[in-house]
Amino acid sequence: MNCCILLPFILEILLLWPYLTATENSTTEKGEHPVGAQLRVKRGWVWTQFSVPEEMNTTHYIGRLRSDLDNGNRSFQYKLWGDGAESIFVIDERTGDIYAIKKLDREERALYTLRAQVIDTTTGRAVEPESQFVIRVSDINDNEPKFLDEPYEALVPEMSPEGTFVIQVTASDADDPSSGNSARLLYSLLQGQPYFSIEPTTGVIRISYKMDRELQDEYWVIIQAKDMIGQPGALSGTTSVLVKLSDINDNKPVFKESLYRLTVSESTPAGTSIGTILAYDDDIGENTEMDYSIEEDDSDTFDIITNNKTQEGIVILKKKVDFEQQNHYRIRAKVRNRHVDEQLMTYHAEASTTSIKVQVQDDDEPPVFDLPYYIFKVFEENPRGSLVGTVSATDPDQNKSPIRYSITRSQEFNIDDNGTIFAINTLDRETSAWYNLSVTATEINNVRQISSVPAYVQVLNINDHAPEFSEYYETYVCENTESGQAIQTISAVDRDESIEEHRFYFNLSAEDSNNSSFTITDHQDNTAVILTNRTGFNIQEEPIFYIPILIADNGIPSLTSTNTLTVHVCDCGENGRTETCSSKALMFSMGFSTEVIIALLVLSMAIFGFIILVLALRQRRKQTLFPEKGEDFRENIFRYDDEGGGEEDTEAFDIAELRSSTIMRERKTRKTTTAEIRSLYRQSLQVGPDSAIFRKFILEKLEEANTDPSAPPFDSLQTYAFEGTGSVAGSLSSLGSAITDQDENFDYLNELGPRFKRLACMFGSAVQSNK
């Protein structure tokens with residue numbers, strides 16, 4: 001075996017089984033298979049490829065593997081390994097015959113790679129080295145054509161000429177395109193004649209007859225694809241194509257009626273719709289959009305506009321009609337499509353027309369203004385009551401009723417009986433540049449006859465606003481700044497309206513320009529730059545500079561304003577950058593303010609705590625002095641916290657007893673509490689303002705109200721407070737008293753009468769308990 005030479009050969013089974021059976025007469029001894037399926041080579045064997053047809057349902061013989069050393073004594077054993085071995089392909093171990101035991105499908109797998117070996121059963125050793133071969137599954141026509149992208153749908157314009165491309169359909173055949181004609185397809189039309197045709201080899205569908213969308217807007221076309229070039233026994237597949245026709249503007253609009261009858265009242269204002277006309281169009285989409293117009297109207301009284309939503313023609317009254325002058329009109333209208341291609345103009349050469357008869361109705365007409373609207377102009381800052389303009393309306397009827405004018409919902413303007421409009425208040429263009437007024441005219445003889453007209457008042461500008469800084473500037477300058485250093489660029493704004501572009505001029509004020517640490521340079525483009533005018537600044541000596549800057553505008557007359565630019569001086573450090581100035585100055589300012597605020601808060605809290613403590617002590621004293629106040633004395637509490645003798649002092653004393661001659665109070669020396677109260681009680685019965693003083697006081701106040709020019713022009717209620725002329729009792733305060741509560745004797749309270757009885761009992765008992 002070591003000296004055995006391997007020689008290649010090819011053993012191939014043809015595609016058709018009858019070819020194999022044709023060699024049956026060439027069989028060898030012992031039932032060997034045909035020679036066409038077996039090839040012997042001297043001193044060795046190699047095979048490379050077998051071929052077997054697909055779709056075989058029974059066990060199918062493929063071919064034989066035969067060693068050159070096999071002498072037929074059946075001592076050789078053939079083995080098979082690889083793809084499908086034992087499951088799809090089996091081998092007769094004695095003869096080397098290979099069989100397919102399962103149905104093969106080329107579309108699932110076309111090639112199988114296997115390995116074979118011959119073993120001597122007597123020695124158990126390989127006779128031939130292991131070798132590899134291929135089984136190829138040959139194709140048969142077992143797959144029908146299938147269309148890939150169905151369902152198909154195409155859109156073509158109506159009236160397309162013959163040969164217009166519609167769509168291309170494509171079918172696919174899973175059979176082997178390189179083996180015969182199994183995958184060669186031909187297309188044909190089963191349904192769709194005579195409007196469509198198809199190219200047999202490409203599947204391209206084309207128009208073969210003109211079609212009108214208004215007659216039929218879609219067609220179903222059925223296509224068949226056959227393999228084997230359409231030969232007998234070929235397999236086929238079908239698909240359907242929905243062909244829709246898109247609209248072209250091949251129809252002109254046509255009126256439904258040849259005559260329209262409309263009516264209009266002579267009181268109908270201009271611009272009012274008096275009726276509609278309608279044309280129809282067989283097209284769809286934008287091809288139905290149309291425009292109506294007047295073709296014939298000698299009076300030029302009417303117009304027609306198009307309602308784009310409903311495609312109706314709206315007849316408009318351009319100017320008022322008068323029954324007494326003309327009681328009917330006859331006009332002619334036409335209609336055309338809005339979008340028409342040049343190649344379709346032949347369909348729209350002549351426009352469709354219709355007649356419109358308009359009958360005028362007699363009516364009692366409202367007043368008629370001379371103009372459909374009024375525009376007035378008035379300068380702002382006008383004086384109150386200044387003239388704005390005049391409107392005029394007349395009664396068109398024969399009685400010529402007088403007219404009364406009014407302005408609806410306006411607080412700025414008024415109108416008189418002559419239709420003259422006046423400004424009630426001063427106008428400001430910056431507040432409102434236009435006023436839209438509605439002026440109403442009413443017939444005096446028939447107030448139901450009313451008409452209105454819009455009046456627009458434009459407030460004209462005058463140069464009444466001086467220019468000012470466009471923003472608030474935070475400007476900083478470093479201590480070590482050199483002369484001529486730019487520290488701030490400024491600009492201005494003006495609230496006035498200007499016909500030409502605003503122009504601003506910048507300059508330092510007269511008092512600051514001669515001796516200033518700064519100068520200003522006007523860039524002549526509505527901006528200016530502030531420059532330093534000296535070298536070095538000192539934050540300790542002058543931390544802040546106020547630069548008055550004059551800004552003038554180009555108005556007529558020109559206005560000038562003085563705007564102050566605040567410049568803060570700060571230490572910029574070694575870098576000398578002004579960007580750090582603002583943050584340092586802000587931190588310094590915030591730190592200083594924080595300390596002040598903290599000190600004020602601490603002081604406020606101390607004062608507030610002291611006040612609370614004093615109030616708490618006073619409240620505690622009151623509760624100890626009158627423990628049963630809320631229970632026993634609900635209706636018998638008297639107040640003695642006033643000086644007595646006033647007009648409101650009616651709870652402790654009888655006011656009638658005080659109406660005696662007026663006695664001015666005098667400052668008395670401090671006495672003991674007992675003698676003080678006893679003396680005051682006796683004096684209080686003799687003092688107080690008399691009726692003359694009350695009367696004089698009221699008369700004086702009445703005279704002031706009558707002569708006050710700012711008082712309201714109607715009756716009003718005014719109240720006045722009058723405390724009297726004074727009290728001889730002096731103050732009842734215990735401050736400054738030289739006698740303590742323990743030294744006081746309250747026995748005199750029993751002598752003051754029944755009003756002080758309870759007070760005498762309360763303090764008398766308290767004194768006895770203390771003793």
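Lys-319 sits in the loop between β23 (312–317) and β24. Strands here are DSSP runs of E with at least two residues, and helices are DSSP runs of H or I with at least four residues; both are numbered from the N terminus. Lys-319 is partly exposed, because its relative accessible area is 42%. On this scale, buried means under 20% relative accessible area, exposed means over 50%, and partly exposed lies in between (1.4 Å probe, protein chains only).

The C-alpha atoms of Lys-319 and Ala-270 are 4.7 Å apart, although 49 residues separate the two along the chain. Leaving out residues up to four places away in sequence, Lys-319 touches Ala-270, Ser-299, Asp-300 and Thr-301. A contact means heavy atoms within 4.5 Å.

## Basis of the model

This is a predicted model: local features need pLDDT of at least 70, side-chain atom pairs count only at pLDDT 80 or more, and totals for chains, interfaces and linings use all residues. Residues are numbered from 1 along each chain as its sequence is written, and side-chain values use heavy atoms, with hydrogens and water left out.

Strand β24 covers residues 328–337, and its side chains alternate. Tyr-329, Ile-331, Ala-333, Val-335 and Asn-337 point to one face and are buried.

Strand β21 (residues 290–296) joins β24 through six bridges, and the two run antiparallel. Two strands pair if DSSP finds at least two bridges between them. Ser-293 has Lys-334 as its bridge partner in β24. Strand β25 (residues 352–361) also pairs with β24 in the antiparallel sense, over eight bridges. There, Lys-334 stands opposite Thr-353.

## A three-stranded open sheet

Three strands form an open sheet in the order β2-β5-β4, with antiparallel pairing. The edge strands are β2 (60–64) and β4, each pairing on one side only. From one strand to the next, the twist averages 25°. Axes are lines fitted to C-alpha atoms, for helices over the stretch in contact, and angles run from 0 to 180 degrees between N-to-C directions.

β4 and β5 run antiparallel and are joined by three bridges. Ile-91 stands opposite Ile-98 in β5.

## Salt bridges

The structure holds 13 salt bridges. A salt bridge is a side-chain nitrogen of Lys or Arg within 4 Å of a carboxyl oxygen of Asp or Glu. One of them joins the side chains of Lys-79 and Glu-93 at 3.7 Å, N to O. This pair links distant parts of the chain, 14 residues apart: Lys-79 is in strand β3 (residues 76–82), and Glu-93 is in the loop between β4 (89–91) and β5 (97–100). Lys-79 is partly exposed at 24% relative accessibility. Glu-93 is partly exposed at 36%.

Asp-83 and Arg-109 form another salt bridge, with their closest N and O atoms 2.7 Å apart. Asp-83 lies in the loop between β3 and β4 and Arg-109 in the loop between β5 and β6 (111–120), so the pair ties together parts 26 residues apart in sequence. Asp-83 is partly exposed at 28% relative accessibility, as is Arg-109 at 36%. Arg-115 pairs with Glu-130, the closest N and O atoms being 2.6 Å apart.

## Nonpolar surface patch

Leu-603, Ile-607, Phe-610, Ile-611, Val-614 and Leu-615 form a nonpolar patch on the surface. Together they have about 570 Å² of accessible area, by the Shrake-Rupley method with a 1.4 Å probe; for residues, only the protein chains shown count as cover. Patches are made of residues with over 30% relative accessible area and no salt bridge; like charges are joined within 9 Å, and nonpolar side chains (Val, Leu, Ile, Met, Phe, Trp, Tyr) within 5 Å. Ile-607 belongs to helix α3 (residues 579–625). Its 46% relative accessibility makes Ile-607 partly exposed.

## The chain overall

The chain has seven helices and 42 strands. Of its 771 residues, 36% are buried. Among contacts with a separation of 6 or more, 69% are between residues 24 or more positions apart. The accessible surface comes to about 46700 Å², and 51% of this belongs to carbon and sulfur atoms.
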